[in-house]
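Have the structure open as you read.

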Amino acid sequence: MIEQEGKDRPMSLAIPRRKPVTVSQEAMVHQELPAPGQSLPLIVQPAFKGMSLVTWAAANRELVQGLVVRHGGVVFRNFEERTVEQFEQFTRAISMELVEYRERSSPRSQVSGRVYTSTDYPADQEIFLHNENSYQHIWPMKIFFFCVVAASEGGATPIADCRKVYNRIDPAIRERFRTKKWMVVRNYGDGFGLPWQTVFQTTDKAAVENHCREHGIEAEWKSDGRLRTRAVRPAAVRHPQSGEMTWFNHATFFHVSTLIPLVREALLAEFDEEDLPSNSYYGDGSPIEPSVLDELRGIYGEEKVSIPWQEGDLLMLDNLLVAHGRASYSGDRKIVVGMAEPRRWEEVEVG
């Protein structure tokens, strides 16, 4: 008897197996630019609700670093992070450790560890664009901002691509700054600005003198324990990763003519020019021409980009590539700041 196939025999059913679905790390976020033709900042948002920026960033450190070098700045928006502690975790995931705020030029309050408030200036005052600590011998490659509370009106952190600023400056002006560099002169303890004890975080004059010697600063003690310092720094630098030249200095920021008229007039009525809380010159001590300062302020203004803060936003900037400032505002506003990846002038190519 021949058994027919399939008769009185259990049929074998092939059950298809599910293939594992893999999602690339890059596909887990959406990337977009604020407007057509505008490369700064890149806005990165999660593709899935409840996604942790800290977890994603830790797995994609090289990607994040590459995006920041390419665009200069990245806004991370709508991730689950909402606390200062989570902000600190992100900075450690990307840059390992934050640095202390030294040689202070503006009032800040310590929030946690090496996280500080953004500059504690009155809400009705704007802060001109600048690269963090570019007047110092050691400055951070990265700076991070985190929005805990957004202002009810205004309060943006405007930014500008300093590669574009550099390329727009008259080559003759760039050459003048290349050969002369620029100088910042600061006076402490005259009733305006920060006292030297706050700036250098010590009450020991010998410690201040040692710091100044080690960091290329000329220190001069005046009467009544007051202090004047002078420091000469380059005005432009070649970025170590991208190879691009970028305008990196505080020369425009510190110049007395950049202050709002009311403040400028009050200071000039009170002090001789050499005793102003801060002022800038060419590196040989000669004055920077008003026409040059007007041109620089105009270029910064034309390159300025402002993205309104949303609570939970985290802005990461390459400090060499992008200058930042602050718009005036009303209502409560709390932006915290951290700095990382310290560099010295001798570690980069200046121009």
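Over how many bridges do S9 and strand S17 (residues 322-326) pair, and in which sense? Three bridges join S9 and S17, and the pairing is antiparallel. Please keep in mind that this is a predicted model.

**The sheet**

To place that pair, look at the sheet around it. Its three strands run in the order S6-S17-S9, forming an open sheet with antiparallel pairing. S6 and strand S9 (159-161) are the edge strands, each with a single partner, so one side of each has no neighbour in the sheet. On average, neighbouring strands here are turned by 15 degrees against each other, direction ignored.

Next, turn to helix H5 (residues 171-180) and H10. Their axes lie 12 Å apart, and the helices pack at an angle of about 110 degrees. H5 and H10 are therefore roughly perpendicular to each other, as angles of 65 to 115 degrees count as such. From H5, Ile173, Arg176 and Phe177 take part in the contact, meeting Val292, Glu295 and Leu296 of H10. Sorted by class, the residues of this contact are four nonpolar and two charged, with no polar ones.

The largest pocket holds about 1000 Å³ of space. Of its 35 lining residues, Tyr121, Gln125, Glu126, Phe253 and Leu259 are the closest to the centre. Two elements from the sections above return here: strand S6 (127-130) and helix H10 (290-303) each give at least two residues to the lining. Strand S10 (182-188), helix H8 (251-254) and helix H9 (261-270) likewise supply at least two each.

The second largest pocket has about 260 Å³ of space. Of the 13 residues that line this pocket, those closest to its centre are Val99, Glu100, Arg102, Gln136 and Ile138. Strand S7 (residues 138-149) provides the largest share of this lining, with three residues.

| Pocket | Volume | Lining by class |
|---|---|---|
| Largest pocket | about 1000 Å³ | 21 nonpolar, nine polar and five charged residues |
| Second largest pocket | about 260 Å³ | five nonpolar, five polar and three charged residues |

Technical notes
Residues numbered from 1 in each chain as written. Predicted model: local features only at pLDDT ≥ 70, side-chain atom pairs only at ≥ 80, totals over all residues. Heavy atoms only, no water. 1 Å grid on protein atoms, 1.4 Å probe; cavity = no way out; pocket = protein on both sides within 12 Å on 5 of 7 lines; lining within 4 Å. Points joined across faces, edges and corners; volume = space filled by probe spheres on them. Helix = DSSP H or I, 4+ residues; strand = E, 2+ residues; numbered from the N terminus. Nonpolar A, V, L, I, M, F, W, Y, C, P; charged D, E, K, R; others polar. Pairing = 2+ DSSP bridges. Axes fitted to C-alpha atoms, helices over the stretch in contact; angles between N-to-C directions. Parallel < 35°, antiparallel > 145°, perpendicular 65-115°, else oblique. Contact = heavy atoms within 4.5 Å.
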